[in-house]
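Please read them with the structure open.

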Amino acid sequence: MLMSTTPLSSIKEATANMPIQLTPQICSEACELLQKLIQINTTNPPGNETLAAQFLEQELNKDDIECEIMEPKPSRGSLITRLKGTKKGPSLLLLSHLDVVTANPTEWSVPPFSGMVKDGFIYGRGALDMKSMTTIEVMTLKLLKRQGIKLKGDVLLAATADEEKGGLDGVDWLLKHHREKLMADYVLNEGGGASIPTKNGNIFTINTAEKGVIWFKLKAQGKPGHGSMPNTAVNAINSISRVIEKFCNYKPEISYSSTVKTYLKMIIEKSPELKRSFEELLEHPERSMQILDDLAARGEPLAEEIRPRIQLTLTPTMVSGGVKINIVPSECEVTFDCRILPGQTVDSTLVLFRGLLTEAGLDELQTELLQVHNGTESPMQTPLYQTIIEVLHEFEPNCIVTPTLMCGGTDSKFYRELGSICYGFHPMHTESPVNGKYIKREHGIDERISIDNLVFGTSVMYETVKRFMT
């Protein structure tokens, strides 16, 4: 049951200044669809994405769009469907995921799975990451079908399971077992689209690249003994402490991908006050950390956004060891989240790690790889990228568009590895700052999206897909 409905006045206000009009009825439909989707708790683990997939199937069936739900395991369903084109043009996949991360109700001002509307915002876990984009893509497919748009290529839609845990029961499984049903030349997914506000207008982002991932575990073996006589034992925690210190003190090589180079140049166009610093970054990469430190000291928020995008990151995230307060532990383990840049490889990075362990005298540690992917990058010189720019300029003539590299991972990596051109593009404006600070609400407390942004995103996505595919 919805805790509140979307006020018609909010919808009319959201559509008032759109160059491409959606009717209030369509906007109301989008808001209601998102609210209902949020109310389906797909926290991963365990996921239960099949419930959300079945809901979307019912919604799409209302427009005579046939769907298929596929499950690698019970309740872990992904929905796929397509509108067929004439095969005279490329195929395009609208990709999203249905699972969400956990939410602690005691930390929220509203119930996290209520889909409540308050002060022009739709609240709930997944409102940003990424059930709003699922809604936008579903509405795009519905509108293409309702208006009888003649497509030059197939437009596919996939709303998948398990992205928040790496996609092994979602896109990874689907592409391994049913690739022919959801491969496409182009993919639009999460990871970009948000605007960066400047004094001279908005900079919209398109995610063209993302870092690779190496999740691994190191395990130390020691010799147990009494805690009061540590000299008679070998403490496994000490070994893990040494490896954490060694890895965290490592200074990675600085490297600028083509995406990041273009990003810095585009930022300069709207923020000339950053021109000198950003040009220094490009001309003297060996001084990058000092330049970014200076920017951060001056209160420039982009400094911390750039830092992980020009180097490998190596972060200890979990440590486990010991069984009792008076026993020297014979086992201890640590997990690391490592992200590598496009162009850096998993194999060469693992060689680097082994070298660091050897330097620290820790060759005996057991290594377990949990998940690995190389970084990926898609070209900017494509008809779809140009179409996105053209559409955004119609909505905001004064804006500019820049590619970005994503530090985290998305399901786009699976498609890029198979040759698809993938862009992260969830069009939205940055929400107003709270007490002078912009708050990142994805995975956070009181996750929400404004009705304005839901309408804006639906309008931009529909026009982009329609224009590119006709």
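1. The model is predicted. A first point concerns the lining of the second largest pocket, whose residues divide into five nonpolar, two polar and three charged. The lining is made up of E164, K165, W215, F216, T317, M318, T335, F336, D337 and L370. The elements that give two or more residues to this lining are β10 (212-221), β12 (313-321) and β14 (331-340). Of these, β14 gives the most, with three residues. The space in the pocket comes to about 290 Å³. As to how such space is found, rolling a probe the size of a water molecule over the atoms shows where empty space is left.

2. Helix α13 covers residues 383-395, which makes 13 residues. From first C-alpha to last, α13 reaches 19 Å, close to the 18 Å expected at 1.5 Å a residue. Which residues of α13 are buried? They are L384, Y385, T387, I388, I389, V391, L392 and F395. The cover over these buried residues includes the strands β3 (92-97), β7 (186-189), β9 (201-210), β17 (400-406) and β18 (421-424). The helix α15 (451-468) is also included in that cover.

3. S378 sits in the loop between β16 (376-377) and α13. Is S378 buried or exposed? S378 counts as buried because its relative accessibility is 6%, and the cut-off for buried is under 20%. Leaving out residues up to four places away in sequence, S378 touches T208, R416, S420, I421, C422 and Y423. Two polar contacts of the S378 side chain can be checked in the model. One is with the side chain of R416, at 2.8 Å. The other goes to the backbone nitrogen of C422, at 3.1 Å.

4. E190 is placed in the loop between β7 and β8 (195-198). Its relative accessible area is 10%, so E190 is buried. Not counting residues up to four places away in sequence, E190 touches H97, D129, M130, M133, E163, N207, T410, G424 and F425. The side chains of E190 and H97 are joined by a polar contact of 3.3 Å. E190 and T335 are 145 residues apart along the chain, and their C-alpha atoms are separated by 27 Å.

5. Peptide geometry deserves a look at two places. N44 and P45 are joined by a cis peptide bond, with omega about 0°. P45 belongs to the loop between α2 (24-39) and α3 (49-61). A cis peptide bond also joins D129 and M130, with omega about -10°. M130 falls in the loop between β5 (121-123) and α4 (131-146). Both D129 and M130 are among the residues that E190 touches.

6. Most residues other than glycine have a negative phi, and most peptide bonds are trans. D162 is not a glycine, yet its phi is positive, at about 70°. The position of D162 is in the loop between β6 (155-160) and α5 (171-177). With a relative accessible area of 5%, D162 is buried. D446 likewise has a positive phi, near 55°, and is a residue other than glycine. D446 lies in the loop between β18 and β19 (448-450). D446 counts as buried because its relative accessible area is 14%.

7. What is the relative accessibility of S277? The value is 10%, so S277 counts as buried. Not counting residues up to four places away in sequence, S277 touches I291, L295 and R298.

Note on methods
Residues are numbered from 1 along each chain as its sequence is written. This is a predicted model: local features need pLDDT of at least 70, side-chain atom pairs count only at pLDDT 80 or more; totals for chains, interfaces and linings use all residues. Side-chain values use heavy atoms; hydrogens and water are left out. Helices (H or I, at least four residues) and strands (E, at least two) are DSSP runs, numbered from the N terminus. The expected span of a helix is 1.5 Å times one less than its number of residues. Buried means under 20% relative accessible area, exposed over 50%, partly exposed in between (1.4 Å probe, protein chains only). Contact means heavy atoms within 4.5 Å. A polar contact is a pair of N or O atoms within 3.5 Å; within protein, one must be able to donate a hydrogen and the other to accept it, and residues adjacent in sequence count only if both atoms are side-chain atoms. On a 1 Å grid over the protein atoms alone, a cavity is a set of points where a 1.4 Å probe fits but cannot get out, and a pocket is an open set with protein on both sides within 12 Å along at least five of seven lines; lining residues have an atom within 4 Å of a point. Grid points are joined across faces, edges and corners, and a volume is the space filled by probe spheres set on the points. Ala, Val, Leu, Ile, Met, Phe, Trp, Tyr, Cys and Pro count as nonpolar, Asp, Glu, Lys and Arg as charged, and the others, Gly among them, as polar.
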